[in-house]
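Please consult the sequence and the structure shown here.

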Amino acid sequence: MKTHRFHIDSSSEDQGVIAQAAQLIQQGLLVAFPTETVYGLGGNGLSPESAAAIYAAKGRPSDNPLILHVASRDDVAHLATEIPPLAQELMQRFWPGPLTLVLKKQNMVPLESTGGLDTVAVRMPDHHVALALIKAAGVPLAAPSANLSGKPSPTLAEHVIEDLDGRIAGVIDAGMTRIGLESTVLDLAHGTPTILRQGGVTIEALRAVIPQVRLSEGSHDVHSPGTRYRHYSPKARVHLLSSDNRMVVIQNATSTGKKCGYIGSTPPEVDEIIFLPAIAEEYAHKIFAALRTLDEKGCELILVEPLERVGLGAAVMDRLERAASQDNSESCT
Ligand code: TXA
Ligand code: MG
C-alpha cells in the first residue's frame, strides 16, 4: 500500500485534505493525524475491521485497548452508558485536551476496539485538524499513537512514515505536535478515580478537582492493560542518570567503546549530544524525537538527564523509566 502524505497548514483547515482523509477512514482504511499530544493512527472506532487493521499495522497485541476520539462532549453519550457527574465536570474543565476518560461502554462500541473490556476510553483532542477529521468522518476515531508497537510515540509526521510507511493509507502532516507526550488516562469506571497513565494533564491539576484520585499500581492493575507492555524503546539501551549513579554510569558507558548519546543540559564527553534544558514542558515536547534522532545517528547507548517528578516532569520520568527498563515483557503501545 502506498502511504499518501497530506500536508496541511498548522493554523488553517484545508477542507480538501480533511475530506479526502475522512473518505479513506470511511472506506475502512487508516490515516495518521496530528493531535496536541502525539500523532494518532486513526480508523473508524465503531468498526471491528478497522480496529483489527490498527492492531495489525502497529504490530500491537489486540488486548491493549484503543482510545476513541470525539469532536464534542455530546458524542460521549453514544459511547458510554454511564457518565457520572465527575466525568461531566472533567470534560468541562479539561476538554478539548490531553485527558482520556475510561467509562462503561455502550454496546455499539465493538469489543475489538476495547481489547475485550466492557469499558471505553474517550477523549476530545485539542487540535483543529483532529477535530475537523473526526467531524468529517462522522464517527469517533479509534487512534493509538501512530508508532510501531514499542517505539517512542511520533511527534512529527516523519516519525509516522519511519514506522508505518506502506502499512497505512495516509498521514496528515501538520508539523510537530505541541505537547509531545500522550494524554493522561483516568479510570472512572471502577470506584476510586485512578490514573492508569500519566500524561498531558498533571496529577496536581486532577487533584484540584478530585482530591482522592490515585495512581495505578501499573502492571498489577487489572484495569490497566497498557502498562503490562514494554514502551517507548529506541533501539539503543537507555540509561537514566541520577545524582547517585551519574559518574559511574557515564564512566561505564564511555568505556564500552560503543557510540554513546546524551540528552540533557550538562553534557559529559560523549559522541552525540542533544541539549535539553531541565524544563518539563521542553522535555515533553522533544524527548521522543530526541530518542529517535540518537537511534538514527547509530548510538548504542543513550544517557538521559532526569527531571524532578512534579507536574509534567512526573509523566516524562514515567516514559523515561519505561524506555530504560530492562524487562523483556512484550512490547506494546
Ligand atoms: O495522547 C494520546 O492519548 C494519544 C493520541 C493519539 O490521542 N493516543 C495514545 O493511544 O497514546 P495509545 O493507544 O498509544 O495509548 C492508549 C492507552 C493505553 O495504555 C491503553 O491501554 C489505555 O490507553 N486504554 C485504552 N482504553 C482503555 C480502557 N478501556 N481501559 C483501560 N485502559 C485503556
Ligand atoms: Mg502508544
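Which strands does helix α8 lie across? Helix α8 (residues 246–255) lies across β12, β13 (260–264) and β15, and runs at about 160 degrees to β15. Angles run from 0 to 180 degrees between N-to-C directions, with axes as lines fitted to C-alpha atoms, for helices over the stretch in contact; contact means heavy atoms within 4.5 Å. Helix α10 (residues 312–324) also packs on the sheet, where it touches β12 and β15, and its direction makes about 130 degrees with that of β12.

The model is predicted: local features need pLDDT of at least 70, side-chain atom pairs count only at pLDDT 80 or more, and totals for chains, interfaces and linings use all residues. Residues are numbered from 1 along each chain as its sequence is written.

The sheet is open, with four strands in the order β12-β15-β13-β14 and parallel pairing. Its edge strands, each pairing on one side only, are tabulated below.

| Edge strand | Residues |
|---|---|
| β12 | 237–240 |
| β14 | 272–275 |

Two strands pair if DSSP finds at least two bridges between them. Helices (H or I, at least four residues) and strands (E, at least two) are DSSP runs, numbered from the N terminus. Four bridges join β12 to the parallel strand β15 (residues 301–304), and V304 in β15 is the bridge partner of L240.

The protein has ten helices and 15 strands in its secondary structure. Along its principal axes, the C-alpha trace spans about 55 × 50 × 35 Å. Buried residues (under 20% relative accessible area, 1.4 Å probe, protein chains only) make up 56% of the 333 residues.

Conventions: Chains are lettered from A and ligands numbered from 1 in the order in which they are written. Side-chain values use heavy atoms; hydrogens and water are left out. Buried means under 20% relative accessible area, exposed over 50%, partly exposed in between (1.4 Å probe, protein chains only).
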